[in-house]
Amino acid sequence: MKKLELSGLAAFVAIANERSFRRAAARLGVTPPTLSHTMRELEEQVGLRLLNRTTRNVSPTEAGEHLLARLAPAFTDIDAALESLNTFRDQPRGLVRINASRSAIELVLLPHLGRLARDCPGITLEVVAQEGFANIVELGFDAGIRLGEDLHNDMRAVRVSPDLRLAIVATPEYFQCHGKPDTPSDLLNHRCIGWRKISSGELYKWEFRQGDKVLSVAVNSPLILDDGRLMLQAALENVGIAFAIENEAAEHLATGRLERVLADWCPSFPGFYLYYPNRRNHPVALTTVIDMLRFPG
């Protein structure tokens, strides 16, 4: 088989799996225009249209589905054969793509990046920040990092952080003007910064627990955001009361820019987990990253 034909088939498999020229190009390490040109040449060679293209979607034609069903196992075997060569190397090599929330990137990934670069120079780590749960298989990622409560049962999960706590915070100036809430229900009389879940579109009800008491409060929100870091910044600008992961608010609490309330209503909860497909074999580079991020507790 000519090299051009093999590269064209690899391009087709990537596009058909990713349902996107842009994501397939990123996966193959080429530009979208180059990938589009390669795909057109393949379709000219076989004399059939293999992909349906619109401005928003890419999907295989009937002929494309037939070809993909035959090619996908073959390329899986090729990838496995190439991956097996890692056993002959002193250092693992390869690209590992991770999808994670911004909080997970800052609290879990960033502290390990220096050691990964030093100890595993053959591994290229690509990290994409995305709030809300991500279907890593559909999006073409090797793994994702989310809070334990957001995981799906069809994935393997490895704990990569200790338990976390939420902090209910606002500036001293805000509390001086509006007073401090003594109970979660008191938040109904305050300006609270709302959070909308990206995955479901639901406006989050603030959850509290103290012993056997569990409360869910639909706060009044003059501002609704979908990013925890932006909520924290809004609190610093005196918009109102925000909730944040304790670790992210720690610096502002230490300097006195923010003050904390209702701490006795905010118990710890399961932290971040790295999740990945439940398959038998995984690339050595991914296994290396998992072992490095694994929380020892």
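## Contact of α5 with α10

In this predicted model, V108, L109, H112, R115 and L116 of helix α5 are in contact (heavy atoms within 4.5 Å) with V289, M292 and L293 of α10. By class, the residues of this contact comprise six nonpolar, one polar and one charged, where Ala, Val, Leu, Ile, Met, Phe, Trp, Tyr, Cys and Pro count as nonpolar, Asp, Glu, Lys and Arg as charged, and the others, Gly among them, as polar.

The axes of α5 (residues 102–119) and α10 (residues 284–293) come within 10 Å and cross at roughly 115 degrees, with axes fitted to C-alpha atoms over the stretch in contact and angles running from 0 to 180 degrees between N-to-C directions. Helices are DSSP runs of H or I with at least four residues, and strands are runs of E with at least two, numbered from the N terminus.

## The two sides of α9

Within helix α9 (residues 246–255), E248, A249 and H252 are buried, that is, under 20% relative accessible area with a 1.4 Å probe and protein chains only, whereas exposed means over 50%. Seen down the helix axis, the buried residues of α9 fall within an arc of 75 degrees, so they line one face of the helix; the arc is taken from the directions from the axis to the C-beta atoms.

These buried residues of α9 pack against α5, α8 (228–236) and β12 (242–245), while E251 and A254, on the other side of α9, are exposed. After α9 comes G256, with a positive phi near 85 degrees.

## Basis of the description

Residues are numbered from 1 along each chain as its sequence is written. Local features need pLDDT of at least 70 and side-chain atom pairs count only at pLDDT 80 or more, while totals for chains, interfaces and linings use all residues, and side-chain values use heavy atoms, with hydrogens and water left out.
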